[in-house]
Amino acid sequence: MIVRAKIKGCGSYLPERILTNDQLAERVETSDEWIQQRTGIKHRYIAGENELTSDLATKAALAALEHANINVSEVDLIVCATATPDETFPATATVVQKNLGVTKGAAFDLQAVCSGFVYGLSVVDSLIQTGQAKTALLIGAETFSRILDWEDRSTCVLFGDGAGAIVLQAEEGNGDTSDSGILSTHIYADGRCHDALYVDGGPSSTGTAGFLRMEGKEVFRQAVTRMPEAIDAALKKSDLGPEAIDWLVPHQANIRIIEAMGKKLKLPKERVVVTVDKHANTSAASIPLALTEAVYDGRIKRGDMIMMAAMGGGFTWGSALLRW
Ligand code: UT7
């Protein structure tokens, strides 16, 4: 018998305001046609003026707790994956802790940009397996609209705001792939790729929050090789072939990247969860947002095998294999 981190429920939250491609075309030289053709994005959600990352995170966390039917008093770990915290410190996770009324255990943020949720699964899995937490909230929450240069058409059309969360609990498992819960995580980084995707500000450099800068082509090129490599590592570790995957729930940055991954795995399109059309790229929130949609609409069912993969600034990237 071993300890597994089982996912008991999920939830998400999107701000009210929708920003369409046509509305963006009124601000910068772009078009609905270009954005849809190159990225698959139709619209994105933008947080209200007074809406903070912690507000989105708290709402997603509450939805996840309700879906899991777990009382907030059981939570003893809150990890918030975000690159857009409310403040430089303290961690947004501690604001969520206060908002939820949790007074025990640990709370901290995790910074791996778009790979934050997959990194978070790895960290929470370890803390649960070593007995340091029993009931954890893992949240991916972002307000990327606050770090976009709204005059740069090559980046401002690609991102959106939102939050997703899951509740994980320690349960006994057999130690093989018949278990439900997290089966493996593989996380990587290569700091040499900094210049391809970064924010040109921060507390110890400019003293400002800065704006996102990206060499889109280079990120694209690396994403279509590194994410499949991380998926391969997960399949090898569990001695499985791609046919064992019921659902690919990838980071949502570009439909062409997602389709390329699905093709490499020879997965039929219906087995790949896509939300980039509606949400755009919400960084660490994109995977839990997509997961929640597919769980709530009944596509993902208990017992299904799920593969997640993400890549983001750093570069950071990784995969997570789990049975729902
Ligand atoms: O979550 C982190 C990971 N991020 C990603 O995974 C993003 C990865 N990269 C991408 O998704 C794509 O590279 C982009 C969507 C960013 C760009 O697509 P692309 O097919 O690589 O286009 P490009 O950068 O080669 O640009 C093609 C043309 C350029 O014009 P020229 O130089 O060919 O005349 C751009 O100036 O499209 C132009 N362009 C635009 N045109 C209209 C760039 N942005 C826009 C725009 N509207 N918004």
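Tutor: Contact means that heavy atoms lie within 4.5 Å. By that rule serine 122 touches Thr185 and Ile187, with residues up to four places away in sequence not counted. The model is a predicted one, in which local features need pLDDT of at least 70, side-chain atom pairs count only at pLDDT 80 or more, and totals for chains, interfaces and linings use all residues. Residues are numbered from 1 along each chain as its sequence is written, and side-chain values use heavy atoms, with hydrogens and water left out.

Student: In which helix is serine 122 found, and does it count as buried or exposed?

Tutor: Helices (H or I, at least four residues) and strands (E, at least two) are DSSP runs, numbered from the N terminus. Serine 122 is found in helix α5, residues 116-129. Buried means under 20% relative accessible area, exposed over 50%, and partly exposed in between, with a 1.4 Å probe and protein chains only. Serine 122 has 11% relative accessibility and therefore counts as buried.

Student: How many aromatic pairs does a search of the whole structure find?

Tutor: Rings of Phe, Tyr and Trp (its six-membered ring) pair if their centres lie within 6.5 Å; planes under 30 degrees apart count as stacked, over 60 as edge-to-face and the rest as tilted. The search finds two such pairs. In one of them, tyrosine 188 and tryptophan 317 have ring centres 5.6 Å apart and planes at 20 degrees, so this pair is stacked. Because tyrosine 188 lies in strand β8 (residues 181-189) and tryptophan 317 in strand β13 (residues 316-323), the pair ties together parts 129 residues apart in sequence. Tyrosine 188, at 29% relative accessibility, counts as partly exposed, whereas tryptophan 317, at 9%, counts as buried.

Student: Which residue lies over the face of tryptophan 317?

Tutor: A charge sits over a ring if NZ of Lys or CZ of Arg is within 6 Å of the ring centre and within 35 degrees of the ring normal. Arginine 226 lies over the face of tryptophan 317, 4.3 Å from the ring centre.

Student: At what angle do helices α3 and α4 pack?

Tutor: Axes are lines fitted to C-alpha atoms, for helices over the stretch in contact, and angles run from 0 to 180 degrees between N-to-C directions. Helix α3 (residues 53-68) and helix α4 (residues 92-100) pack at about 55 degrees, with axes 9 Å apart. Residues making the contact include Ala57 and Leu62 of α3 and Val95 and Leu100 of α4.
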